[in-house]
Amino acid sequence: MDLPGPIHDILVVFFGSVLILGGLGVVLLTNPIFSAFSLGLVLVCISLFYILSNSYFVAAAQLLIYVGAINVLIIFAVMFMNGSEYSNDSYFWTIGDGVTSLVCTSILFSLITIIPDTSWYGIFWTTRSSQIMEQDLISNIQQIGIHLSTDFYLPFELISIILLVSLIGAITMARQ
Amino acid sequence: MMFEHVLFLSVYLFSIGIYGLITSRKMVRALMCLELILNSVNINLVTFSDIFDSRQLKGDIFSIFVIAVAAAEAAIGLAIVSSIHRNRKSTRINQSNLLNN
């Protein structure tokens, strides 16, 4: 979305802070139903990031599929399996958790130091100069539809077959 | 616009997803952390598609494929978790050794 600069930055900071807190909540909350709702909050924030980066169709697909289907499925699974095992879930800190948090924070800080060192704008100018400056007559969603029905036709059909097979497999495993 | 900040958020989601995937004791929480990892990949794809490839938008198409595969993975994973829960009355990761015996 082509917002003016300060509003865009304020929105990015706000959604980013909500996303950071939600991501911590997914991992660290002990009750899994709170963790599932926190996951929903994170997914909604990610779809708002997609809107900020001009990808409206992916934002709508994110809202529909992740928040509307996967998150609801996870919440139903948590509700069905919410037996007595979650109540006595004393979350104690083992040494494996400490080692894993050390490794993950080292991954995080190494990637954060790598990202500003990369010359993104060199790549940006080379790709921009090699692109054909065609007219911007068709919108992004039409562009996605054209690509899905011409270049990516075989992966599109394969992904539909994968969805059908996984649906049948899930029903077969769940009914028994 | 500093798109590196969005990349920082993506890296944060990825690392916290790895942490939760390794340290979680319940399968449902492991699936949730797997969704976080796939979402960080999607953020990267959409951001680079907006910055570098705003004419062709192939990153958006790849992110749609990733979303579809994530939907299939969530359906299969939760079906497996419910089946294990019905047999074992538990969804702890270290107790799901149905293939041992």
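Which handedness, left-handed or right-handed, has the crossing of helix 1 of chain A and helix 2 of chain A? This tour of a predicted model begins with that pair of helices.

**First stop: helices 1 and 2 of chain A**

Please select residues 5–28 of chain A, which form helix 1, together with residues 32–52, which form helix 2. The crossing of helix 1 of chain A and helix 2 of chain A is left-handed. Their axes come within 8 Å and cross at roughly 155 degrees. Because angles over 145 degrees count as roughly antiparallel, helix 1 of chain A is described as roughly antiparallel to helix 2 of chain A.

Next, display the side chains where the two helices meet. On helix 1 of chain A, the residues in contact include A:His8, A:Leu11, A:Phe15, A:Gly22, A:Gly23 and A:Val26. On helix 2 of chain A, they include A:Ser35, A:Leu39, A:Cys45, A:Phe49 and A:Leu52. By class, this contact of helix 1 with helix 2 of chain A has 14 nonpolar residues, seven polar residues and no charged ones.

**Second stop: the interface of chains A and B**

Now colour the two chains separately and select the residues of each that touch the other. Chain A contributes 83 residues to the contact and chain B contributes 66 residues. About 6,700 Å² is buried between chain A and chain B, and carbon and sulfur atoms give 73% of that area.

How many salt bridges are counted between chain A and chain B? The count is one salt bridge. To find it, select A:Asp97 and B:Arg25, whose side chains meet at 4.0 Å, N to O. A:Asp97 lies in helix 4 (residues 95–117) of chain A, and B:Arg25 in the loop between helix 1 (4–23) and helix 2 of chain B, so the pair joins two chains. Over all chains, the count likewise comes to one salt bridge.

From helix 6 of chain A, A:Ile144, A:His147 and A:Leu148 meet B:Lys58, B:Asp60, B:Ile61, B:Ile64 and B:Phe65 in helix 3 of chain B. The residues of this contact divide into five nonpolar, one polar and two charged.

Key:
Residues numbered from 1 in each chain as written. Chains lettered and ligands numbered in written order. Predicted model: local features only at pLDDT ≥ 70, side-chain atom pairs only at ≥ 80, totals over all residues. Heavy atoms only, no water. Axes fitted to C-alpha atoms, helices over the stretch in contact; angles between N-to-C directions. Helix = DSSP H or I, 4+ residues; strand = E, 2+ residues; numbered from the N terminus. Parallel < 35°, antiparallel > 145°, perpendicular 65-115°, else oblique. Left-handed = near helix turned anticlockwise from the far one by under 90°. Contact = heavy atoms within 4.5 Å. Nonpolar A, V, L, I, M, F, W, Y, C, P; charged D, E, K, R; others polar. Buried area = accessible area lost by both parts, 1.4 Å probe.
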